Amino acid sequence: MDRTAILHAVDALFDRELEFLTELVRQPSTRGAEQSAQDFVERELSGLGFEVDRWQIDVKEIANMPGFSPVIGNYENAVNVVGSLRSRTSSGRSLILNGHIDVVPTGPLDMWDRAPFDPHIDGDWMYGRGAGDMKAGLTSNLFAIDALKHLGLRPAADVFFQSVVEEECTGNGALACLHRGYRADAALIPEPFAEKLVSSQVGVIWFQVRLKGLPTHVAYAGSGANAIEAAIPLFEALHRLERRMNAPECRHHDYVGHSHALNLNIGKIEGGDWASSVPAWCVFDVRMGVFPGQRLDEVRHMIEETIFDAARNHPFLAENGPEVVYNGFAAEGYSFKDDKSAAARAALAALDRAHSLVVGKPLEHEAITATTDARFFGLYADTPALVYGPRAEAIHGFNERVDLDSVRRVTQSTALFIADWCGLEEV
Ligand SMILES: [Zn+2]
């Protein structure tokens with residue numbers, strides 16, 4: 001294997017790679033609107049000689065699988081795209097190159113310096129919603145294969161390129177790929193964690209709390225019950241639970257040095273109908289982290305106990321208990337570090353060799369405080385999942401951006417990793 005030739009092939013294609021990334025970021029693929037981005041990916045895969053499989057997720061098919069998360073809204077537009085590149089010799093180890101096409105909402109547009117879906121490059125950075133999380137990673141997966149193709153080479157084992165939906169709210173896109181039968185000896189997910197290997201990731205639970213009040217005219221507020229204000233003591237109780245869950249004795253071993261790995265976020269709130277009416281209702285949405293190995297049903301139990309205990313001390317809620325509804329993420333934590341299998345060690349060693357050659361330093365590891373689709377491969381398909389991607393800033397924030405030099409290096413590392421892990425054959 002001529003490693004230098006592979007690095008040069010990535011360099012030679014890099015302008016083309018940036019054009020592709022720009023066009024991909026231009027597709028506003030928020031939840032339910034991923035189709036145009038999937039069309040674009042599909043065309044590119046066909047052009048590269050992948051056999052393309054595109055399907056709409058059927059909730060009934062995956063609802064009983066481990067790792068399934070309750071669905072929010074309908075799945076009419078929830079379409080996955082997978083490209084398969086079949087090897088002639090199948091002499092190497094197979095690989096899944098996974099990335100998510102969905103991006104989170106932009107938030108208020110006037111907080112952005114430029115329109116979020118009008119990507120632009122300034123110096124070493126590309127700006128735009130999804131540029132970092134994770135369209136740059138999807139792109140590096142594709143151009144790593146393209147670089148090999150320009151050398152007249154391709155992987156000597158089957159490679160499956162997955163562009164999935166739903167990573168940002170359930171993970172059901174990746175789960176649907178498992179249901180459809182896609183399996184390989186390892187998976188690589190270039191989420192934007194600054195060219196470090198994600199050694200562990202937390203799990204995430206989403207839930208919604210629904211409160212009732214008693215509406216009256218504000219003139220007689222004393223005889224009513226304010227559902228919005230009733231939420232405040234519940235927020236405080238939930239944050240007390242968060243502090244308990246982060247206590248040193250509760251931490252997973254990969255997070256011992258992390259004082260606050262599990263974050264609870266009140267992410268959304270609605271309630272009331274009129275400024276002069278005591279609000280009769282309030283609904284708020286919460287995200288809570290959990291450690292790898294922690295059972296979700298136990299965490300749900302703690303959450304409910306916390307909310308119902310706090311409600312018992314409230315004059316109105318004591319008699320009109322809150323309702324807790326689980327919607328979206330029911331994601332367990334996952335620790336790649338805890339996977340002691342020979343396949344996991346070999347995959348890590350191959351990535352370390354590729355990274356070290358490109359960057360000139362050994363691969364660093366990081367336990368992250370977010371989740372990724374890696375859990376599906378690692379926990380439910382016995383497939384070591386390497387999360388390793390470019391450096392990005394302000395993901396989920398304003399003026400999201402990705403470091404383009406980092407994208408180039410990750411593409412090079414990915415191409416070398418594929419060559420090492422899968423082996424190569426002539427096209
Ligand atoms: Zn992501």
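A: Across the boundary in this predicted model, 16 residues of domain 1 are in contact with 16 residues of domain 2. On the side of domain 1 that touches domain 2, β9 (197-201) and β14 (334-335) each supply at least two residues. By class, that side of domain 1 has five nonpolar, eight polar and three charged residues.

The domain assignment gives domain 1 as 3-201 + 334-426 and domain 2 as 203-331, and the centres of the two, taken over C-alpha atoms, are separated by 34 Å.

Turning to the strands, β10 (residues 203-212) and β12 (residues 281-290) run antiparallel and are joined by 10 bridges, with Val 209 standing opposite Phe 284 in β12. Strand β12 is also joined to β11 (residues 264-271), again in antiparallel fashion, through seven bridges, and here Glu 270 has Val 283 of β12 as its bridge partner.

A contrasting position is Ala 349, which is found in helix α9 (residues 342-359). Ala 349 counts as partly exposed because 13 other C-beta atoms lie within 10 Å, a number between the limit of 12 or fewer for exposed residues and that of 20 or more for buried ones. The C-alpha atom of Ala 349 is separated by 9.9 Å from that of Asp 420, although the two residues are 71 apart along the chain.

For the chain as a whole, the secondary structure comes to 11 helices and 19 strands, and buried residues make up 48% of the 427 residues. Among contacts between residues at least 6 apart in sequence, 82% join residues at least 24 apart. The C-alpha atoms fill a box of roughly 80 × 45 × 40 Å along the principal axes, while the radius of gyration is 23 Å, which agrees with the value near 22 Å that a compact globule of 427 residues would have.

Technical notes: Residues are numbered from 1 along each chain as its sequence is written. This is a predicted model: local features need pLDDT of at least 70, side-chain atom pairs count only at pLDDT 80 or more; totals for chains, interfaces and linings use all residues. Helices (H or I, at least four residues) and strands (E, at least two) are DSSP runs, numbered from the N terminus. Two strands pair if DSSP finds at least two bridges between them. The radius of gyration is taken over C-alpha atoms; the globule rule is 2.2 Å times the number of residues to the power 0.38. Two residues are in contact if their C-beta atoms, placed from the backbone, lie within 7 Å. Domain bounds come from an automatic or database domain assignment. Ala, Val, Leu, Ile, Met, Phe, Trp, Tyr, Cys and Pro count as nonpolar, Asp, Glu, Lys and Arg as charged, and the others, Gly among them, as polar.
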